[in-house]
Amino acid sequence: MAETKSTVSASQKPATAGHATKSKRGGNLFAALAVPICLIVAILFYIFVLGNPANFAGGVRGGIGSEAKAINYFGVMYTGGPIVPVLVSLFLMVITFTIERLLTISKAKGKIKPTEFIRRVQYHLANRNIDAALAECDKQRGSVGNVMRAGLLKYKEMTENTELTTEQKVLAIQNEIEESTTLELPMLEKNLVFFATIAPVAVLFGLLGTVLGMIRAFRALGASGGTDSSQLALGISEALVNTALGISTSVLAVIMYNYFTTNIDGITYGIDETGYTLTRSFAAYYK
């Protein structure tokens, strides 16, 4: 009987690994598509929305460094120069990956809070009702529930095993939980690298745009013999637009990165509690 259970459990692992591989491929495809799409959208936004003639006095869109007067914030952003669409694309990436991570982590949290879920499982295990504990996993439908289910299946298998010692059975349960955890955590942490990368990169691009704007400003000032203050003001305006976009994008990326890592830490804690609960329960009730 124990041999049959082992065969069933072993047959479930490839399915879980296959699901994780499929999820990984889907995540990689999403990232590969999101980056160029955000860049294309940003360029179109810069040309047709920010560069709309209605954003400039007299309906005349000026080129970079021209004297065309912007009459609203969109027009001011357009004067920031070619770095603006890059910064806008970084901002769109932050928004895109924020939505993706919100959906993923919300699903990973499950339908029931980890603390309440673990309490219910502990109650069923105390009554030696493993099937009821497995039913709770189906209700939870999150990462903690997935890991708990894998551990409970091994737990149930070990209760019917007469060949291994208690210590060996506990170790088998721990190994099963660790294996399930290694399949869940990458899904939670996927794409966080974009937030960590965009945060400093946005600031650097903003600084680059600032430097280019200042170069144009002082070059125009030098060409006019130091008397054309309007060109100086325009160049400084371009510089400040890039600075503002870079800093705001970086701030948003840092905030969302910290928010998601905090949520992931909470889920990870629930997974750790899963391993502790199962091993302690088995050691207590199946000596």
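Modeller: Let us begin with a definition: rings of Phe, Tyr and Trp (its six-membered ring) pair if their centres lie within 6.5 Å; planes under 30 degrees apart count as stacked, over 60 as edge-to-face and the rest as tilted. By this rule, a search of the whole structure finds 10 aromatic pairs.

Biologist: Which kind of pair do Phe30 and Phe97 form?

Modeller: Phe30 and Phe97 are edge-to-face, at 5.8 Å centre to centre with 80 degrees between the planes. Phe30 lies in helix 1 (residues 2-50) and Phe97 in helix 3 (residues 83-109), so the pair ties together parts that are 67 residues apart in sequence. Before we continue, please note that this is a predicted model: local features need pLDDT of at least 70, side-chain atom pairs count only at pLDDT 80 or more, and totals for chains, interfaces and linings use all residues. Residues are numbered from 1 along each chain as its sequence is written, and side-chain values use heavy atoms, with hydrogens and water left out.

Biologist: Is Phe97 buried or exposed?

Modeller: Buried means under 20% relative accessible area, exposed over 50%, and partly exposed in between (1.4 Å probe, protein chains only). Phe97 has 0% relative accessibility and therefore counts as buried. The rings of Phe97 and Phe194 have their centres 4.3 Å apart and their planes at 15 degrees, so this pair is stacked. Since Phe194 belongs to helix 8 (residues 192-223) and Phe97 to helix 3, the pair ties together parts that are 97 residues apart in sequence. Phe194, at 23% relative accessibility, counts as partly exposed. Phe30, Phe97 and Phe194 form one aromatic cluster.

Biologist: How many helices and strands does the protein chain have?

Modeller: Helices (H or I, at least four residues) and strands (E, at least two) are DSSP runs, numbered from the N terminus. The protein chain has nine helices and zero strands. Of its 287 residues, 40% count as buried.

Biologist: Where does UniProt place the feature "transmembrane region"?

Modeller: UniProt positions are given in the numbering used here, feature names are shortened, and annotations may be inferred rather than shown by experiment. The unreviewed UniProt entry places this feature at residues 29-49, 83-103, 192-219 and 239-260. In the model, residues 192-219 are 100% helix and 0% strand, with end C-alpha atoms 41 Å apart. Residues 239-260 are also 100% helix and 0% strand, and their end C-alpha atoms are 32 Å apart.
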